[in-house]
Amino acid sequence: MLLDLDDTLYPEREFARGGFRAAAAVLAERLSRSADELFESLWHAFERGVRGSIFDTVLAELNVLYDDALIAELVRAYRSHEPQLRLFEDADRLLELLWPRYGIGLLTDGIAEMQRRKVKSLGLQHRVEAIVYSDDFGREHWKPSPIPYLELLRKMLVDPSRAVYVGDNPKKDFIGARRLGLQTIRIRRPDTEHGHLDAQPGFESDHEITSLDLLPDWLAANERSERHAA
Ligand SMILES: [Mg+2]
């Protein structure tokens, strides 16, 4: 079983919250303003859907003159903060239940250093068999590139036809995996970045679930039907 990380195993907004706290602290020092208030401004922008340009947006709203160097410093603070994350409860139960009966691997996109800090904060290095950071192969091999999937399967000595990929993002999680012949399952959670997004034609997963608690039964049923087919 191959698992995605962000919003599949833990709520990514909690990483964002910590990142904005770290950036607000840097900004508070620079502007001699309250870190709490600056954080609230950033969080409010995040909550109303600003993505990609959040520091520019908020600094402009606050009438602060800024330059690229300040933005770069805030981005650095956001990305390099030490996160304090917790698994979704169903993810915690799933890992407990499946390990070590099933091989479990982790495949995650995003800046590798940042993703490694998330994994460490969640203690996942002790709870899965193998981890692949697609960023280690270069930005061009983030999902849906087949390279990171193949690398993870190679590490786990599993044939694609015997593997399941579980992720949350219909824009990129399933298309590469399906091309390689993996079964794909979408975990669709409310209050996550992609929870409300319908998949474009061709980007769908094979199955969709609303809780990882449904996976063990699904796996067992799948094994039974495979035995019947054999
Ligand atoms: Mg994800």
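In which sense do strand β1 and strand β4 pair, and over how many bridges? In this predicted model, β1 (residues 2–3) and β4 (residues 164–167) pair in the parallel sense, with two bridges between them. The pair belongs to an open sheet of six strands in the order β3-β2-β1-β4-β5-β6, where the pairing is parallel. The points below cover the sheet, the helix on the sheet and a pair of packed helices.

**Sheet**
- The edge strands of the sheet are β3 (130–133) and β6 (207–209), each of which pairs on one side only.
- Y165 stands opposite T184 in β5, and G167 has R186 of β5 as its bridge partner.

**Helix on the sheet**
- The sheet, with its strand order β3-β2-β1-β4-β5-β6, has helix α7 (residues 146–156) packed on it.
- Helix α7 touches β1, β2 (105–108) and β3, and the direction of α7 makes about 160° with that of β3.

**Packing of α2 and α3**
- Helix α2 (residues 35–47) packs with helix α3 (residues 54–61) at an angle of about 120°, and their axes are 10 Å apart.
- The two helices, α2 and α3, are therefore oblique to each other.
- The crossing in which α2 passes α3 is right-handed.
- On the α2 side the contact is made by S41, L42, A45 and F46, which meet I54, T57, V58 and E61 of α3.
- Sorted by class, the residues in this contact of α2 with α3 are five nonpolar, two polar and one charged.

Terms used
Residues are numbered from 1 along each chain as its sequence is written. This is a predicted model: local features need pLDDT of at least 70, side-chain atom pairs count only at pLDDT 80 or more; totals for chains, interfaces and linings use all residues. Axes are lines fitted to C-alpha atoms, for helices over the stretch in contact, and angles run from 0 to 180 degrees between N-to-C directions. Helices (H or I, at least four residues) and strands (E, at least two) are DSSP runs, numbered from the N terminus. Angles under 35 degrees count as roughly parallel, over 145 as roughly antiparallel, 65 to 115 as roughly perpendicular and the rest as oblique. A crossing is left-handed if the near helix is turned anticlockwise from the far one by less than a right angle, and right-handed if clockwise. Two residues are in contact if their C-beta atoms, placed from the backbone, lie within 7 Å. Ala, Val, Leu, Ile, Met, Phe, Trp, Tyr, Cys and Pro count as nonpolar, Asp, Glu, Lys and Arg as charged, and the others, Gly among them, as polar. Two strands pair if DSSP finds at least two bridges between them.
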